[in-house]
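Take a moment with the sequence and the model. Then let us walk through the salt bridges, the core and the strands.

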Amino acid sequence: MLALKRSLSGTMLSALRVFHTNQVVVVSGHVQQRCVSTQTDGEARIVNILKEKFPSAASLKVVDISGGCGAMYEIHIESSEFKGKRTIQQHKLVNEALKEEIQGMHGLRIFTDVPKH
């Protein structure tokens, strides 16, 4: 894999990253899949947990950024439950919701926000 990365140009690597990370988006409770990627079991499991914990989430996006092995995820969640809370408090709520799942991960990126409307 390292030899492959060295032989690809920066533009090609960027294109591969975009292709790989365009996966699953949940907006207002509806799952939308983008590009040609499909939702992994880990992504689906995390989406279900977060939908249960944050039922009023205006948007939710979970992406396996570890190549599909489930070692690292990126989560974007926008929910009114975060209103009045600092970012660290919002992230703590997400971490608490995913406490069991996190034990099997190497890393997690969390991006939270409050809906603008």
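Arg-109 is partly exposed, with a relative accessible area of 41%. Here, buried means under 20% relative accessible area, exposed means over 50%, and partly exposed lies in between, using a 1.4 Å probe and protein chains only. This is a predicted model, in which local features need pLDDT of at least 70, side-chain atom pairs count only at pLDDT 80 or more, and totals for chains, interfaces and linings use all residues. Residues are numbered from 1 along each chain as its sequence is written, and side-chain values use heavy atoms, leaving out hydrogens and water.

Which residue forms a salt bridge with Arg-109? It is Glu-74, and the closest N and O atoms are 3.0 Å apart. A salt bridge is a side-chain nitrogen of Lys or Arg within 4 Å of a carboxyl oxygen of Asp or Glu. Glu-74 sits in strand S4 and Arg-109 in strand S5 (residues 107–113), so the pair ties together parts that are 35 residues apart in sequence. Helices (H or I, at least four residues) and strands (E, at least two) are DSSP runs, numbered from the N terminus. Glu-74 is buried, at a relative accessible area of 15%.

The whole structure holds three salt bridges. Another one joins the side chains of Glu-101 and Arg-45, at 2.8 Å from N to O. This pair links distant parts of the chain: Glu-101 belongs to helix H5 (residues 99–102) and Arg-45 to helix H3, 56 residues apart. Arg-45 is partly exposed, at 40% relative accessible area. Asp-113 and Lys-116 also meet in a salt bridge, again through their side chains (2.8 Å, N to O). Asp-113 is partly exposed, at 33%. Lys-116 is exposed, at 69%.

Now look inside. A nonpolar core is a set of buried Ala, Val, Leu, Ile, Met, Phe, Trp, Tyr and Cys residues joined through side-chain atoms within 4.5 Å. The largest one has 15 residues, and Ile-46, Leu-50 and Ile-75 are among those with the most contacts inside it. Helix H3 (41–53), strand S3 (57–64) and strand S4 (72–79) each give it two or more residues. Follow Ile-75: leaving aside neighbours within four places in sequence, its contacts (heavy atoms within 4.5 Å) include Ile-46, Leu-50, Val-62 and Phe-111.

Finish with the strands. Six of the eight residues of S3 are buried, so S3 is largely enclosed by the rest of the structure. S3 and S4 pair in the antiparallel sense over seven bridges; strands pair if DSSP finds at least two bridges between them. Asp-64 has Tyr-73 in S4 as its bridge partner.
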